[in-house]
Amino acid sequence: MVKVLVTGGAGFIGSNFVRYALGAHPDWHVTTLDKLTYCGRLENLRDVMDSPRHTFVKGDIADAVVSAPLVQAADIVVHFAAETHVDRSLQSAGEFIHTDVFGTFVLLEAARQAPRLRRFIQVSTDEVYGSVPTGASRETDELRPRNPYSASKAGADRLAYSYFATYQVPVVVTRASNNYGPYQFPEKVIPLFITNALEDQPLPLYGDGLNVRDWLHVDDHCRAVDLILEKGVAGEVYNIGGGNEVPNVDLTKRILDLVGKPETLIRPVADRLGHDRRYALDTAKLRALGWDPVHVFADGLAATVEWYRANPWWWGPIKHQDPAFQAYYQQQYAARTAGQP
Ligand code: NAD
Ligand code: DAU
C-alpha cells in the first residue's frame, strides 16, 4: 500500500481530494490529519469514513507530537491544511501565521527525517502572485502577496522550496486559482451567494463588482494534483488554473439566473480592504504534463447550484444554528451594509 497523508482533508478541497484519491488509487491508504477548525467537517468525509483504506486523525499540523510521526510514515504528503479565507485574515491574522507558516514548518521539519517520503505537495495559491492587471502569472514571476492570507501562503510556499533546496525534501509546489464545487464552506463567494439566493437573502457584492477571479472546478484541481504527483519534478512549481476568468458581477448574475431569483437581490457593499483586482494563471507548464480542465464553467456552476439546492442538511445548520458563523456574518457584513438600501 502507498501511504498518503492528506492534511486539511476535512476541508473543501481536501475532502474532495481524499474521495478522489481513494477512488482513483486502489493501492493507496489515505490518512487525513485535520484540526477540525470552523470549516473542517467530518460530514465532508462521511462517505469514506468507514473505508478500510482511510484513517482520520484529529490534530493540529503545528503539533509535532501528532503530525511528525504521520509525515515520517508516509510515502506521499499532500498538504492542504490552512486558514484560507481572506476576509478572516483581515480581522485576525494570527491563526494564518500559526497554521499556514508555522504549521508548514513543523511538517517540513518532520519531512527531513521521513525515510519513505517521495513527494511533499505544498498546496499554494495564485494569490501569492498578487493582483495581475494584465496577462497571466507564470511560475517564475515575482511573488507580490498583498493580504495577510496570501502573504502567509507565500511564506509557506517559499519555506517549502527552501527545504527542497537545502535538505532535498522532495517538495513540489502547486498554485491553483479559485476553486468551486461541492462542500465549500458558505463564507466563500460562490456557496455564500448560492445559499443566500436560495433563501431570498441579499448577495453582498464587494466594491464595483468588477474584480476578476479564474474559476477552477475542484475535481479538475484534484486530477491536476494527482498528475503532478506522478509527473511533477521535485523543486518545481506548477500553476493550476481553470481558464474561466469572470468578473464578480457576472458571476453573481449567473448564480441568480441558475437559482431563479431576481437581480434585485444584488447588494453592492463596501469593498474588501486591499482587494486584489484580478488573478490569472499561465498553465502551459502543467498542460505540458498532459492536464486539461474537463469541466465547462457554465455546467460546473449549474451542477454546484444543484448540489447546494439538494443538500441543505449540509449548509443549513452552519448558517442557521452555528453561533460562531452567525457572529462572523454579523461582524463581516453588518457594517458593510449599513446605510445601504
Ligand atoms: P478550507 O478552509 O475549506 O479547509 C481547510 C482545512 O484545513 C479545514 O478542514 C481545517 O479544519 C484544516 N485546518 C486548518 N488549520 C489546521 C491545522 N492547524 N491543523 C490541521 N488542520 C487544519 O480550505 P480549502 O479551500 O479547501 O483550501 C485547501 C488548501 O488549498 C489551502 O492550503 C488553500 O490555501 C489552498 N487553495 C485554496 C483555493 C480555493 O479556491 N479554495 C485555491 C488555491 C489554493
Ligand atoms: O485565488 C485562490 C484563492 O481563492 C484561495 O487561495 C483562497 O483560499 C480562496 O478563499 C479564494 O480567495 P478569494 O478571496 O478570491 O475568494 P472569495 O470567495 O472570498 O472571494 C471571491 C471574490 O468575490 C473576491 O473578489 C471577493 C468577492 N466577494 C467575496 C465575498 C465573500 C464578494 O464580492 N462578496 C462576498 O461576500
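This is a predicted model: local features need pLDDT of at least 70, side-chain atom pairs count only at pLDDT 80 or more; totals for chains, interfaces and linings use all residues.
Residues are numbered from 1 along each chain as its sequence is written, and chains are lettered from A and ligands numbered from 1 in the order of writing. Local features need pLDDT of at least 70, side-chain atom pairs count only at pLDDT 80 or more, totals for chains, interfaces and linings use all residues, and side-chain values use heavy atoms without hydrogens and water.

**Ligand 1**

The shell around ligand 1 holds 28 residues, of which Ile 13, Asp 34, Thr 84, Tyr 149 and Lys 153 come nearest (near: a heavy atom within 4 Å). Twelve of the shell residues are nonpolar, twelve polar and four charged; here Gly counts among the polar residues. Helix H1 (12-24), strand S5 (119-125), helix H5 (148-167) and strand S7 (178-180) are the elements giving two or more residues to this shell, and S5 has the largest share, three residues. Helices (at least four residues) and strands (at least two) are DSSP runs.

**Ligand 2**

Around ligand 2 there are 24 residues, with Asp 126, Tyr 149, Asn 178, Arg 272 and Tyr 333 nearest. This shell divides into ten nonpolar, seven polar and seven charged residues. Helix H3 (86-91), helix H6 (189-198) and strand S8 (203-206) each supply at least two of its residues.

**Polar contacts and burial**

The table lists polar contacts, pairs of N or O atoms within 3.5 Å.

| Ligand atom | Protein group | Distance |
|---|---|---|
| Ligand 1, oxygen | Phe 12, backbone N or O | 3.0 Å |
| Ligand 1, nitrogen | Lys 35, polar backbone atom | 3.1 Å |
| Ligand 1, nitrogen | Thr 99, side-chain N or O | 3.0 Å |
| Ligand 2, nitrogen | Pro 204, backbone N or O | 2.8 Å |
| Ligand 2, oxygen | Arg 213, side-chain N or O | 2.8 Å |
| Ligand 2, oxygen | Arg 272, side-chain N or O | 2.6 Å |

Ligand 1 taken alone exposes 830 Å², and the protein buries 97% of that. For ligand 2 the values are 690 Å² and 95%. Areas come from the Shrake-Rupley method with a 1.4 Å probe.

**The sheet**

Seven strands form an open sheet in the order S3-S2-S1-S4-S5-S6-S10, with parallel pairing (at least two DSSP bridges per pair). Strand S3 (54-58) and strand S10 (237-240) are at the edges with a single partner strand each, so one side of each has no neighbour in the sheet. Neighbouring strands are turned by 20 degrees against each other on average, direction ignored. Strand S6 (171-176) pairs with S10 over four bridges; Val 173 has Val 237 in S10 as its bridge partner.

H5 packs on the sheet, touching S5, S6 and S10, and its direction makes about 155 degrees with that of S5 (contact: heavy atoms within 4.5 Å; angles run from 0 to 180 degrees between N-to-C directions). Helix H7 (218-231) also packs on the sheet, at about 160 degrees to S10.

Technical notes: A polar contact is a pair of N or O atoms within 3.5 Å; within protein, one must be able to donate a hydrogen and the other to accept it, and residues adjacent in sequence count only if both atoms are side-chain atoms.
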